[in-house]
Structure formats: structure tokens, C-alpha cells
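Subject: Handover of a structure

Dear colleague,

Please find the structure below, followed by an account of what was found in it. I would be grateful if you would read the two together.

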Amino acid sequence: MINLSYPDITKDEFKAVKRVLKSRKLAQGEEVEAFENEFSKLVGGRNCIAVNSGTSGLHISLISAGVGPGDEVIVPSFSFAATANSVALTGATPVFVDIDIDTFNISPDSIKRAISSKTKAIQPVHLYGLPANMPAIESIAKENNLIVLEDAAQAHSAKINGIPVGQFGDFATFSFYPTKNMTSGEGGMVVCKDDQQARLCRLLRNQGMEKRYLNEVIGFNLRMTDIHAAIGRVQLRKLAKFTEKRQANADFYNSHLENVIKPTTPPGYEHVYHQYTIRLPDSNRDLVEKTLKEKGIATGVYYPIPIHRLPSFNKVIDLPNTEMASRQVLSLPVHPKLREKDLHQIVKQINLITRAGA
Ligand SMILES: *Cc1c(COP(=O)(O)O)cnc(C)c1O
């Protein structure tokens with residue numbers, strides 16, 4: 001079976017975990033601090049706060065930004081539920097908008113149309129590893145005095161004109177879930193421009209305490225362990241190599257796949273291919289998925305139901321590009337552990353199906 005994702009864990013990660021276990025210092029400590037400092041180099045030296053998941057990171061970023069009941073936050077509906085869950089968990093209302101079909105990312109025009117007197121923030125997603133249109137989003141935010149929070153869970157080191165994501169918004173959150181471009185097992189990283197808001201994130205992560213037993217605000221326990229941080233530090237050192245491999249795999253698909261709509265990358269944008277996602281005619285997507293599975297090739301549909309239509313939100317709104325994408329997308333294996341023969345096999349099987357008219 002060719003897996004859709006496969007975390008690249010080597011003796012380096014084993015050694016790092018062993019080092020921490022031997023030290024007997026397992027909870028948040030020196031490893032977490034070192035991970036934050038090292039990750040900070042990826043985002044222009046901004047404040048970094050490691051947490052136990054990307055979802056936690058989005059949640060405390062929103063709270064630290066002052067988002068709460070009565071506020072609206074504009075989000076794409078074509079994303080993972082965490083993008084909207086984090087907003088709803090603050091008591092604010094996620095306002096779902098459409099995507100641009102070519103990039104799968106939030107549409108700046110749809111954002112403009114969704115702005116109301118209650119709008120407090122925009123939370124764009126760099127979906128599949130392609131940065132959202134941050135120049136346009138930043139200018140909309142400036143004009144309307146809105147906070148920008150990047151959901152960068154899928155986009156470690158993706159860039160616009162050489163600038164890595166994480167430096168565009170007031171906040172950004174990365175995820176280190178095992179399927180992401182780098183992992184710590186579970187984990188997340190909040191990136192925060194403002195020092196005071198970064199301090200609040202640190203407080204919220206740890207029961208509201210800076211000084212022990214002097215709780216300043218009501219907080220959570222969202223700490224990352226030193227064990228996870230040690231894994232993350234090793235993976236961070238390999239991120240550039242992982243990314244190169246993902247991009248080389250995507251290049252191979254771009255030059256060999258026939259009769260499918262391939263992902264596009266706007267000029268100046270660097271895609272890091274968390275997913276390599278093609279579009280197929282509505283009626284054929286599920287057939288192609290099934291046929292590939294029979295040939296031992298795993299594929300994924302991210303995401304089959306737009307967030308606004310999930311039972312948890314259950315909203316009736318018309319987002320045509322989001323609906324079309326959810327019917328047509330298919331993600332192919334693009335992870336760094338793919339072998340050359342896997343790539344050839346995947347291309348061969350897809351071209352066989354699409355040549356036959358699928
Ligand atoms: C993975 C992901 C998250 C959540 O990250 P976790 O670490 O799994 O909590 C949020 N948003 C997007 C777009 C994601 O892909």
C-alpha cells in the first residue's frame with residue numbers, strides 16, 4: 001500500500017526522546033524553550049509559544065486577540081473544522097465565506113462582502129501548503145481595522161515573495177500533528193507579533209500563571225511536553241529537506257499527470273505541498289478514489305463536507321466554489337518518504353483511468 005502520509009521518524013528522533021526520558025524532566029521545560037527559539041527563526045524572530053496542538057494554538061490566539069462573544073470572525077468554510085471550532089469556542093461567531101477555486105484559499109472579495117459592524121478578525125488558512133492571498137487580506141484588514149490570524153497548520157515555511165507565512169498576520173498558528181509537514185507527535189506553535197499578546201498566550205497556556213501559584217488570568221493547561229518538543233526540534237532541522245522532497249514530488253505530478261486539473265501556484269508564491277490536490281469531474285472523483293485504492297494507492301478527500309454544513313454548525317449558505325471543491329478534490333500521496341517507483345505507479349494508474357474517459 002502506498003500511504004497518503006508517513007511521518008519520517010529516524011534514529012535522531014529516538015535519540016532525542018531518550019535524552020529527555022533519561023533527564024527525567026518530562027513536562028514543559030528547556031526543550032520547549034529551545035524549540036520555540038529555533039522555530040522563531042522560521043518566522044522572522046517573532047514570539048513563539050509552543051502548545052499541545054494546533055487547535056489549542058488557534059484558540060488562545062483568538063482569546064489573546066480579544067475575540068469573544070458578540071464578535072464575528074471571517075473564516076473559509078473549505079478547511080478543517082478546527083479553523084471554525086477555535087472561533088466558536090471563544091463565544092464568537094465564525095462567518096463562513098467562499099474560496100477562489102484555483103487556489104482553494106479564502107477569496108478576498110468574499111471577505112469584503114462578509115464584513116459587518118461586528119467583524120473583529122479574519123482567520124485565513126494556507127490550505128494544502130499554499131499561502132492565502134495575504135497582501136489582499138492585509139489591506140482589507142487595514143482598511144477595516146481587523147485582526148488577522150493565519151491558520152498555518154499546513155504551511156510550515158511556505159512563502160510569498162520570499163517571506164515565510166507566520167509573519168503576515170498579527171497571529172499565526174502551526175500544527176505538528178503526524179500528518180503535517182513536520183511533527184512533534186501532537187503539538188502546535190503560536191506565532192505572535194505583539195509582546196503583550198504573546199505574554200497573554202503564555203499565561204493562557206499555563207493556568208494563567210507566570211509566577212507559580214500567582215494566577216493572573218483564567219487559563220488552560222495546553223502545555224507541550226519536553227518529549228514532544230525534542231521530537232519537534234529534530235523535525236525542524238529536517239523541514240527544508242522534507243519541503244524540497246514534497247516540491248520535487250509535486251513537480252513530477254505536474255509534468256506527468258494527464259486530464260486532471262492540477263494545483264496552481266500564483267507568481268511569487270511558494271507552495272509546500274502539505275497536500276497535492278487535483279480536481280476531477282464531480283461524477284468521477286469517487287470512482288477514481290476507489291479504483292486507486294484497489295491498486296494499493298491511498299488518496300484523501302480534504303474536505304468532503306464544508307464546515308458550515310457539518311452537523312456541528314449546520315448553516316444554510318451558498319458558497320458555490322466551496323461546494324464544487326468538496327465534490328471534486330482528490331489529494332495524492334506527496335510525502336517525503338515516497339519512492340520514485342511509487343510516483344511512477346501513481347501517475348500510471350491515474351493516467352490509465354483518465355485516458356479511459358474518467
Ligand atoms: C491540522 C489542522 C488544524 C489543527 O491542528 P491540530 O494540531 O490537529 O490541532 C487546524 N487547521 C488546519 C487547517 C489543519 O489542517
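How much space lies in the second largest pocket? The second largest pocket holds about 180 Å³ of space. Of the 13 residues that line this pocket, Leu42, Leu236, Arg237, Leu239 and Ala240 are the closest to its centre. A pocket here is an open set of points on a 1 Å grid over the protein atoms alone, with protein on both sides within 12 Å along at least five of seven lines; a cavity is a set of points where a 1.4 Å probe fits but cannot get out; lining residues have an atom within 4 Å of a point. Volumes are the space filled by probe spheres set on the points, which are joined across faces, edges and corners.

This is a predicted model, in which local features need pLDDT of at least 70 and side-chain atom pairs count only at pLDDT 80 or more, while totals for chains, interfaces and linings use all residues. Residues are numbered from 1 along each chain as its sequence is written, and side-chain values use heavy atoms, with hydrogens and water left out.

To complete the second largest pocket: helix H8 (residues 226–256) gives the most to its lining, with eight residues. Helices (H or I, at least four residues) and strands (E, at least two) are DSSP runs, numbered from the N terminus. By class, this lining divides into four nonpolar, three polar and six charged residues. Ala, Val, Leu, Ile, Met, Phe, Trp, Tyr, Cys and Pro count as nonpolar, Asp, Glu, Lys and Arg as charged, and the others, Gly among them, as polar.

About 530 Å³ of space lies in the largest pocket. Its lining comprises 30 residues, and those nearest its centre are Phe80, Gln154, Tyr177, Thr179 and Lys180. H3, H4 and strand S8 (171–175) are the elements that give two or more residues to this lining, and H3 has the largest share, with three residues. The classes are 12 nonpolar, 14 polar and four charged residues.

A polar backbone atom of Gly54 is 2.8 Å from an oxygen atom of the ligand. A nitrogen atom of the ligand lies 2.8 Å from an N or O atom in the side chain of Asp151. An oxygen atom of the ligand is also 2.8 Å from a polar side-chain atom of Gln154. The protein covers 93% of the 380 Å² of accessible area that the ligand has on its own, as computed by the Shrake-Rupley method with a 1.4 Å probe.

Cavities

There are two cavities of 30 Å³ or more in the structure.

Backbone geometry

Most residues other than glycine have a negative phi, and most peptide bonds are trans. Arg24, which is not a glycine, has a positive phi of about 65°; Arg24 lies in the loop between helix H1 (11–23) and helix H2 (30–40). Tyr302 and Tyr303 are joined by a cis peptide bond, with omega about 10°. Tyr303 is placed in the loop between helix H9 (282–294) and helix H10 (320–328).

Yours sincerely

Methods: Polar contact = N/O pair within 3.5 Å; in protein donor to acceptor, adjacent residues only side chain to side chain.
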